[in-house]
Amino acid sequence: MKIVAIVQARMGSTRLPGKVLKEIFRKPVLIHDLDRIKEIKLVNKIVVATTINKRDEIIICAVKDYDGNIGLFKGSEEDVLDRYYQAAIVFDADVIVRITSDCPLIDPIVSEKVIQTFLENKCDYCSNNLERTYPLGLDTEIFTFSALERAWKEATHNFEREHVTPYIRNNPEKFELLNVSNEVDLSHYRWTLDTSDDFAFINEIYKRLYHEGKIFYTSDVLSLLNDDSTLLKMCTAHEK
């Protein structure tokens, strides 16, 4: 069984253009993301799936300069479901792990828990956000190639094509779904990168916890938030 993590990335964010290549400690957000995904031991291959748009060539270059072993795929900008499906075919994926490029606090321990739960149960799809108990920004989805293929064939609405997994998630009569919950509800935290405020928060976390070649985890971020009310307000001042 080949487990492939496909990381979607593009420069054309509406609210924070170019966010995936914004730098923290002279390293693009996307590369920090990949550093962390590399620590997920159950993943056999990492692929960055970007678009055929010329402005996204810079993403291809950044990943090539970072690690030539990372797979690269260019596909539809709007039909991200098709991009995932075609990338999964090219890289012979039996199972796909979906992680987005705007999650530089992604926790490999959390992601491994989701993947392990999937492997231990007979399901088509498993994630930690069907019922959110983890911070936004630690989202990990894993699904079979057959589930992806069925969604690719049957999904017709734009929302289903743009966001990859809604067709699977919204059709429990067609797919066996499983959710992974945290012991403590942390869903009120926002640790993703979508706005300048998000970037300010994530940058502060990295300033205090980041060391080259060493990964920090959710527990480290939570300890920091418990000791710093200003940081705590920065990541809880948004709607879920």
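Visitor: How do you know that E1 is joined to E6?

Guide: Six bridges join E1 to E6. Two strands pair if there are at least two bridges between them, so with six bridges E1 and E6 count as paired. The two strands run parallel, and Val7 stands opposite Ile99 in E6. Please keep in mind that this is a predicted model.

Visitor: What makes E4 a partner of E1?

Guide: Here the number of bridges is five. The cut-off is at least two, so E1 and E4 are paired as well. Their pairing is in the parallel sense, and Ala5 has Ile46 in E4 as its bridge partner.

Visitor: How many bridges link E6 to E8, and in which sense do the strands run?

Guide: Strand E6 (residues 95-100) and strand E8 (residues 141-144) are joined by four bridges and run antiparallel. With at least two bridges needed, E6 and E8 therefore pair too.

Visitor: In which order do the strands of the open sheet come?

Guide: The order of the seven strands is E5-E4-E1-E6-E8-E7-E9, and the pairing is mixed.

Visitor: Why are E5 and E9 called edge strands?

Guide: Strand E5 (71-75) and strand E9 (177-179) each pair on one side only. From one strand to the next, the twist averages 20°.

Visitor: What makes E1 "mostly covered"?

Guide: Six of the six residues of E1 are buried. Ile3, Ala5 and Val7 point one way, while Val4, Ile6 and Gln8 point the other way.

Visitor: How many residues of H1 are buried?

Guide: Nine of its nine residues are buried. Among them are Leu30, Leu34 and Ile37, but also His32, Asp33, Asp35 and Arg36.

Visitor: Which residues have the most contacts inside the largest nonpolar core?

Guide: That core has 55 residues, and those with the most contacts inside it are Leu30, Leu34, Ile37, Ile59, Trp191, Phe201 and Ile205. Elements that give two or more residues to the core include E1, H1, E4 and helix H9 (218-227). The largest share, six residues, comes from H8. Apart from this core lies another one, of 25 residues, among them Val4, Ala87, Phe91 and Phe175.

Visitor: What does Trp191 touch, leaving aside its neighbours within four places in sequence?

Guide: Its contacts include Leu105, Pro135, Phe201, Thr218, Val221 and Cys235.

Visitor: Why is Thr218 called buried?

Guide: Thr218 has a relative accessible area of 10%. Buried means under 20%, so Thr218 qualifies. This residue is in helix H9.

Visitor: What makes the pair of Thr218 and Asp107 a polar contact?

Guide: Their side chains come to 2.7 Å. A polar contact needs N or O atoms within 3.5 Å, one able to donate a hydrogen and the other to accept it, so 2.7 Å falls inside the limit.

Visitor: Is Asp67 buried or exposed?

Guide: Asp67 has a relative accessible area of 15%. That is under 20%, so Asp67 counts as buried. Asp67 is in the loop between helix H2 (57-66) and E5, and its side chain reaches the backbone nitrogen of Asn69 at 2.8 Å.

Visitor: How do you know that the protein chain agrees with a compact globule?

Guide: With 240 residues, a compact globule would have a radius of gyration near 18 Å; the protein chain has 17 Å, so the two agree. The C-alpha trace spans about 50 × 40 × 30 Å along its principal axes, and 56% of the 240 residues count as buried.

Key:
Residues numbered from 1 in each chain as written. Predicted model: local features only at pLDDT ≥ 70, side-chain atom pairs only at ≥ 80, totals over all residues. Heavy atoms only, no water. Axes fitted to C-alpha atoms, helices over the stretch in contact; angles between N-to-C directions. Buried < 20%, exposed > 50% of the residue type's maximum accessible area, 1.4 Å probe, protein only. Core = buried A, V, L, I, M, F, W, Y, C linked by side-chain atoms within 4.5 Å. Contact = heavy atoms within 4.5 Å. Rg over C-alpha atoms; globule rule 2.2 N^0.38 Å.
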